Structures are given as C-alpha cells and as structure tokens.
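Please look over the structure shown below before reading the points that follow it.

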Amino acid sequence: MDLLHGCPTGDSRGQATVFASVEQYLPLVKKLADDGYNMCSDLTAVDYLTHPGRALPEGVEAKRFELVVNLLSLDDRKRLRVRVQLEDGQSAPSLFDLYPGTEAMEREVFDMYGIAFTNHPDLTRILMPEDWDGHPLRKDYELGQIPVQFKQVNS
Amino acid sequence: MGLLQDVLDEGFSGIQHNFITAKLEDLVRWSRARSSWPASFGLACCAIEMMATGAAHYDISRFGMEVFRASPRQADIMIVAGRVSQKMAPVLRQVYDQMMEPKWVISMGVCASSGGMFNNYAIVQGVDQVVPVDVYAPGCPPTPETLIHAIETLHGLIETGELLKRRSASGSGANVHVEAAPVPAQPVPVMLGTR
Amino acid sequence: MSLVQQTNEGGQELGARSELTAKELLREVGSVLRMSEAEAAALALDEIDPTTDQTMIINMGPQHPSTHGVLRLMLELQGETVLRCKPIIGYLHTGMEKTAEQLSYMQGGTNVTRMDYLSPLNNELVFSLAVEKLLGIEGDIPERAVWMRMLLSELNRMSSHLLFMATNGMDLGAVSMMIYGWREREQVLRFFQKVTGLRMNHNFIRPGGVAADLTPGWRDDVLSILEEVEPRLDEYDVLMTGQPIWRERLQGVGVITQQEAIALSATGPTLRCTGLPWDLRRDQPYLRYDELDFDVIVGSYGDAFDRYAIRLNEIRESIRIVRQILERMPSGDYRIQDKKVTPPPRARIDESMEALIHHFKIFTEGFKVPEGEVYVAIESPRGEIGCYIVSDGTSTPYRMHMRAPSFVNIQCLPHMMRGGLVADAVAVISSVDPVLGEVDR
C-alpha cells in the first residue's frame with residue numbers, strides 16, 4: 001500500500017484518495033498545500049450510520065462520519081480527495097487558515113451534520129434558520145415528509 | 001342649460017360628448033383589475049419564468065401589469081414565484097403584511113402551491129399556510145402562458161368582487177391553520193364503481 | 001413573537017462593530033487572505049472609533065429586486081462607503097441533498113436540474129457523468145449522445161449568459177438591455193422546448209445518454225439561433241461595452257486579485273477575470289471538448305467589467321463550439337444499449353411482456369449502482385460544478401452532494417465590496433451572477 005505523507009492512499013474509480021486520521025488531517029493538508037494543491041474546491045461530509053461496511057484500506061478504522069475534502073492543483077491539473085474519519089461529537093480542525101474559501105463549506109457541514117470545526121472564525125448555521133433543531137443531513141434525521149392533504153371541495 | 005336640456009331639445013343628437021353610465025363600484029373593480037401592479041417576489045425557477053412573462057415576447061404590459069414594484073407598499077398582487085423555505089416564510093408574511101389593501105396573491109408553481117416534489121423538512125408545504133392565496137398556477141415551472149392565464153383568472157375574480165367579500169367574511173388575512181390530516185386507523189378501501 | 005424577531009437570524013447576521021473582538025473585526029475587514037500582520041494592521045481599524053457609532057448597518061434583501069432571488073446582505077456603511085459586508089443565505093434551502101437520497105438514480109435528474117435553474121442541463125450532465133462513472137460505463141456512451149450533450153450544454157451556456165446580460169443590464173439601469181437579453185434567450189429556450197419538451201428543468205440528460213433524439217430539422221433551428229444571436233452580440237457591444245456610462249459604472253468596481261480568488265476557491269468567470277485561464281473544458285476535458293477548438297476568455301483587472309466582458313465573449317466562443325458540433329454531429333444511438341440502465345424502446349413494450357416488465361422495473365425500482373464514491377466536476381456557466389456521489393450498492397444514492405459554484409463564489413462578495421460605494425454593491429452582486437437555487441440547494 002502506498003503512503004502519501006504517511007497516510008494510506010486509495011483509488012476510487014481512478015480518482016486518487018488519501019485517508020487521514022483527525023490528528024493527521026491538518027498537517028497532511030498543510031503538506032499537500034505545499035505540494036501545489038492550491039485550491040480546496042469542495043469540502044463536505046457523509047454520515048455512514050446505516051452503511052458501516054464500506055471499503056477502506058488497511059489500518060483505517062471506519063467511523064460514523066467522514067469528512068471529504070477535494071483538493072485541486074491548478075498548475076498540475078490534478079485532483080486529490082482527502083477522507084477523514086470522525087466519531088459522532090468529534091470535532092475537526094478548520095482549514096480556514098490554509099484555504100479561506102472553506103469557510104462557507106465548513107459552516108454548511110456544521111449546519112447539516114453538526115460536526116464542529118475548531119478554530120473556525122464564525123461557526124454558525126448557514127442554510128437553516130438560527131433556531132432550528134437538529135442537523136438535517138444526518139441519517140437519523142427524518143426527511144420531514146408530511147402526508148399530502150386533500151381538502152374536500154365544497155361547491 | 002346643460003346636458004339634460006340639450007337632450008330634451010334635440011334628442012340624443014344634442015349630446016356633445018360620449019359618456020357611459022355605470023355603478024361606481026363596478027368602475028372601481030374594473031380599474032383595479034386593469035392596473036394591478038405585481039410585487040416581484042421571485043424566489044426560484046418560477047421567478048425566471050415570471051421575468052420572461054414581463055419581457056418582450058410575452059409582454060405582460062398588455063394586462064396593465066408591466067410595472068413590477070420592488071416595494072410591497074406600491075403593489076397590489078403578490079406573485080409567489082418559487083419554493084418557500086422555512087427560513088423565508090416569516091419574511092414572506094412580513095412582505096405580505098406591508099402590502100396595502102386590497103391585495104391579492106397568486107401562488108405560482110407547484111412548489112409554492114403544495115411543496116411540489118420537495119416534500120421535506122425545508123420547504124413550507126404550500127404558501128397558503130402563510131398567506132391567503134387567490135389563484136394557484138400549476139406547472140414546474142409554469143410557462144408564461146400559464147402565468148398569463150392565472151393573471152387573467154385573477155382579473156376576472158377581481159372584477160366580480162368575490163374575493164374581497166370572501167376575505168372580509170373570513171376576517172381578512174390568512175389565519176389558516178393547517179393540521180396534519182387524521183390518519184384513519186383502518187385503511188379505507190377504495191370502492192370502484194360498478195355498471 | 002413579533003415579525004422582526006421571527007426574521008432575525010442571530011449569529012448568522014453581521015454583528016455590530018462594538019460587540020466584536022479585535023480578531024473578529026480584523027477577519028471581517030479582510031485579513032483572512034494570508035495577509036501579514038503588518039498589512040492587517042494597516043487596514044486602518046482605528047480610523048473608526050467603535051464607541052462613537054459613526055457607522056450604520058443596513059440590511060439588503062432577502063426580498064430585493066437586484067439580489068438575484070433571495071440573497072440577503074448586511075452592509076456596514078460609513079457614509080456611502082461599505083466597510084463590511086456579510087451575505088446571509090439559506091432563504092431558498094430546499095433540502096435537495098436529503099431528497100436526493102430518496103430518489104433513484106433514474107429520478108435524480110429531476111432533483112438536480114432544479115438546483116441551478118439557469119443552466120439545468122449542466123446540472124443533469126454532471127449528475128449523469130458521476131452516475132456513469134460509478135457504473136463504469138463512462139466509456140461506452142454512444143458518440144451521438146456525447147455530442148448531443150455538448151450541443152445542449154453549450155446552448156445552455158449561451159442562454160445562461162444571455163440572461164446574465166439581461167439582469168446585469170437591468171440592475172445597472174440599462175432596462176432596454178433586459179428586454180434584448182430575454183429576447184435572445186427565448187430563441188434558445190424555444191429550441192429546448194422543441195427538443196426536451198420543457199423550457200426549463202428538462203431532465204433530458206440522463207445516466208446512459210439522453211432521453212430522446214434530436215427533433216427533425218434541428219440543424220436549421222440551431223443555425224437560425226446562431227445567425228440571430230451572433231449579430232445581436234455586436235449590438236450589445238455598441239449598446240454597452242463601448243459606452244462611457246457603462247464603463248464608468250463597471251470598471252474598477254468589485255476588484256478581486258488572483259491570489260484572493262484562488263484562496264476563496266472561486267471558479268468560472270470570477271476566477272478568469274483575474275487573468276487565470278482555468279476552464280475545466282480545456283484543463284480537465286470531459287465529453288469531447290479536447291477535440292474542439294475554442295479559446296478560454298480571461299480578464300486582466302479582476303473587476304466587474306471584466307466579468308461582464310468574459311461572459312459576453314464566452315457566448316461567442318459557445319457559438320464557435322456549436323458550429324463545430326453541427327459539423328461533426330455523428331449519427332447513431334442516443335443512449336447506451338445496456339439493458340441495465342436503459343428502458344426498452346416504446347414500440348417493444350407493446351409486443352413483449354418482458355420489455356414491459358423491464359420498463360416497469362427500471363422506472364419503479366431503478367437500477368443498482370455498485371458501491372463506491374466519485375467526484376466529477378464540469379464547467380458550468382458559473383464555474384466548477386461538482387457532483388460527489390456515494391453509493392451503497394442500492395438503487396438510490398447513499399449521499400449526493402453538489403459542489404455549487406455560486407455557493408463558493410458568493411464568499412467573494414465581502415472582499416469585492418469592501419471599500420466600495422454602496423451604489424456599486426448591486427453591480428458587484430450582479431457581476432458574480434449567483435443563482436440562489438444553487439447556493440442554498
């Protein structure tokens with residue numbers, strides 16, 4: 001198995017991925033930023049509550065949440081995906097100092113999954129109203145469907 | 001000595017100008033229907049079609065409605081164009097309350113009318129839970145033709161005056177409270193007709 | 001509870017200057033972009049004494065005619081100058097990523113097409129490409145389907161940019177421009193209606209190909225669009241590009257540097273206006289863009305005028321691309337003949353029970369997609385639109401995430417507006433061209 005800066009790598013349909021633990025996450029991204037990955041094009045998360053048995057390389061322990069960061073190198077035209085395993089309630093370091101553009105993305109992850117980011121400058125909800133309960137994209141959050149109502153027509 | 005004497009002297013040929021007679025109430029309704037200015041409450045996809053209705057090809061000014069007012073205080077019709085989220089609902093109600101009476105609401109598109117395909121936590125399932133709706137325009141998004149038809153329908157309703165009567169009977173405003181429909185314990189069998 | 005309280009969003013709003021710590025204030029006035037401490041200190045914070053309340057916070061939106069939907073901005077002003085700005089979004093949050101987990105891959109197109117409602121075909125395209133990559137059939141898509149996808153997404157780019165011309169003109173007071181932009185856009189929409197059946201929200205590009213073949217006479221229809229739009233672009237040049245008022249209104253307004261744009265992950269015209277030629281059609285080609293001849297338009301000053309000019313010239317490039325597509329459009333199938341993802345043709349359903357069952361199964365259960373996760377990105381009119389799908393082996397996505405270009409680009413607004421005039425705020429918002437359906441999803 002190949003290691004990239006000490007982290008196991010993987011391949012998903014021909015796309016390069018690297019797996020990092022929470023402790024390795026920030027140092028790894030720092031090194032990758034020095035390697036020329038100068039843009040963080042996307043940051044999101046996945047809740048693997050109902051799908052725990054996913055394929056992961058050796059030495060990576062599956063946890064409930066996974067933080068997915070897509071880095072882009074504008075000079076080499078390469079993409080790299082960093083996947084970080086997180087327990088429920090565990091917080092991740094913010095990438096704000098490296099890539100200021102992740103501010104809104106991290107707020108979205110916080111809003112939708114309740115994953116807190118340490119050192120984030122302004123960690124508030126972004127999409128839902130401020131007084132909303134719960135984090136909608138968690139798998140144990142209901143879709144919130146209401147039954148379609150048909151009114152009797154009085155004519 | 002004026003019009004009456006002219007008519008008495010010379011019959012109808014003695015009239016110098018054209019004139020019409022009508023009830024004042026009808027005149028007011030007629031003029032209301034023909035110069036109802038919409039508030040541009042564009043939310044989502046439907047707003048684009050609403051703007052297309054205002055543009056050259058569909059030309060909403062044929063109905064005296066080309067003046068999309070940005071300020072709700074100058075508008076008569078609120079066209080709720082698009083999905084209304086839980087975060088937007090209080091804002092929508094506030095804008096509605098700022099509009100002057102008489103005011104009307106068109107719910108444009110299925111998302112505004114019933115939540116449409118987005119039956120989930122984020123979308124208000126029908127804007128009629130927030131403001132009283134007079135005309136619902138179907139479609140996702142409704143084509144400009146559909147919107148024009150909705151507007152025409154509303155104009156017809158304004159002219160008859162039915163809408164305002166109904167609203168004053170129900171105490172004005174949208175004190176509509178929608179509760180979840182009671183789910184019967186036993187499923188009710190659907191009876192098919194027989195010949 | 002009063003309405004004012006109901007519409008208050010607490011911490012999401014722009015805080016009063018007196019309530020902020022020095023660090024927060026520094027960040028909000030722009031020290032985020034890897035500025036040295038000396039530079040940050042030079043931002044002249046002490047010019048304004050927080051105790052004397054000489055500044056005013058005003059609220060713009062979410063119901064505002066020139067915020068392109070329901071964007072809400074809070075601006076802190078000193079006189080006419082914008083000191084700080086904070087966009088507050090979420091007023092159109094539709095829960096689409098949650099809804100996507102309920103819809104099968106077959107139905108997913110109806111969901112994603114409503115995100116960026118000005119370029120629906122690009123949304124469907126990126127979703128379909130991601131699903132095809134998960135299925136492992138991305139190399140087997142018939143040539144005609146591929147070229148049709150390119151034709152439609154380029155025409156969509158034209159219609160989206162034409163709408164930008166219209167709204168940008170309207171926001172800046174050139175109301176006649178609005179009428180002209182819509183007039184040309186109608187031409188493209190009429191072609192879409194003919195081919196896909198709808199003016200917007202087509203759900204036409206689907207995993208495995210496209211939903212139907214092009215209509216007879218499509219070549220003449222497309223040519224007549226091109227012949228109509230092309231000379232009109234020169235008219236726009238006369239009407240706006242060279243006009244002193246227009247230039248005065250846009251040049252030097254909303255400037256962003258290349259370093260800032262990259263740091264803020266901006267893409268599309270917002271990145272290209274700073275002089276960086278980054279276009280996924282050329283730099284990470286998808287479909288058959290590598291076989292086409294086109295230019296990537298870049299600006300040099302990073303201001304609102306550059307963003308306007310880039311979009312205007314991108315319409316010209318799209319016309320160039322469409323002409324090449326017209327020449328090279330191959331014949332053949334318009335969707336993959338893979339029983340797994342393609343429903344049987346309509347005629348077969350009438351004569352074969354198996355075909356009927358197959359059709360029914362595909363549309364009720366959908367098709368199963370092997371486990372895995374992919375991220376696919378393409379160039380939408382607004383920038384890089386990416387689709388991240390996680391599959392757990394069933395017929396619905398386990399997680400579908402869209403990397404929306406407007407959502408990211410909107411973060412540039414505070415940096416573009418800072419130090420500018422409040423009258424230019426509208427020009428800046430308009431030049432970024434955010435689509436709120438995509439911002440909030």
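The model is predicted, not taken from an experiment. Chain B has seven helices and four strands, while chain C has 20 helices and eight strands.

**Chain B as a whole**

- The order of elements along the sequence of chain B is α-α-β-α-β-α-β-α-β-α-α.
- Chain B has 195 residues, and 46% of them count as buried.
- Among the contacts in chain B with a separation of 6 or more, 76% join residues 24 or more positions apart.
- The accessible surface of chain B is about 10100 Å². Carbon and sulfur atoms account for 58% of that surface.

**Chain C as a whole**

- Chain C has 441 residues, of which 65% are buried.
- Of the contacts in chain C with a separation of 6 or more, 71% are between residues 24 or more positions apart.
- Chain C exposes about 15200 Å², and 53% of this area comes from carbon and sulfur atoms.

**Helix α6 of chain C**

- Helix α6 of chain C runs over residues 120–135, which makes 16 residues.
- At 1.5 Å a residue, α6(C) should span 22 Å.
- How many of the residues of α6(C) are buried? The count is 16 of 16, and the helix is described as mostly covered.
- After α6(C) comes G136(C), which has a positive phi, near 75°.

**A pair of packed helices in chain C**

- Two packed helices are described by the angle between their axes and by the distance between those axes.
- Helix α9 of chain C covers residues 218–241, and helix α14 of chain C covers residues 304–328.
- The angle between α9(C) and α14(C) is about 155°, and their axes are 11 Å apart.
- Angles over 145 degrees count as roughly antiparallel, and α9(C) and α14(C) are therefore roughly antiparallel to each other.
- The crossing of α9(C) and α14(C) is left-handed.

**E103 of chain A**

- E103(A) is part of helix α2 of chain A, which covers residues 102–113.
- Is E103(A) buried or exposed? E103(A) has a relative accessible area of 15%, and buried means under 20%, so E103(A) is buried.
- E103(A) and H120(A) are separated by 17 residues in sequence. In space, the distance between E103(A) and H120(A) is 7.5 Å, C-alpha to C-alpha.

Conventions
Residues are numbered from 1 along each chain as its sequence is written. Chains are lettered from A and ligands numbered from 1 in the order in which they are written. This is a predicted model: local features need pLDDT of at least 70, side-chain atom pairs count only at pLDDT 80 or more; totals for chains, interfaces and linings use all residues. Side-chain values use heavy atoms; hydrogens and water are left out. Helices (H or I, at least four residues) and strands (E, at least two) are DSSP runs, numbered from the N terminus. Buried means under 20% relative accessible area, exposed over 50%, partly exposed in between (1.4 Å probe, protein chains only). Contact means heavy atoms within 4.5 Å. Accessible areas come from the Shrake-Rupley method with a 1.4 Å probe; for residues, only the protein chains shown count as cover. The expected span of a helix is 1.5 Å times one less than its number of residues. Axes are lines fitted to C-alpha atoms, for helices over the stretch in contact, and angles run from 0 to 180 degrees between N-to-C directions. Angles under 35 degrees count as roughly parallel, over 145 as roughly antiparallel, 65 to 115 as roughly perpendicular and the rest as oblique. A crossing is left-handed if the near helix is turned anticlockwise from the far one by less than a right angle, and right-handed if clockwise.
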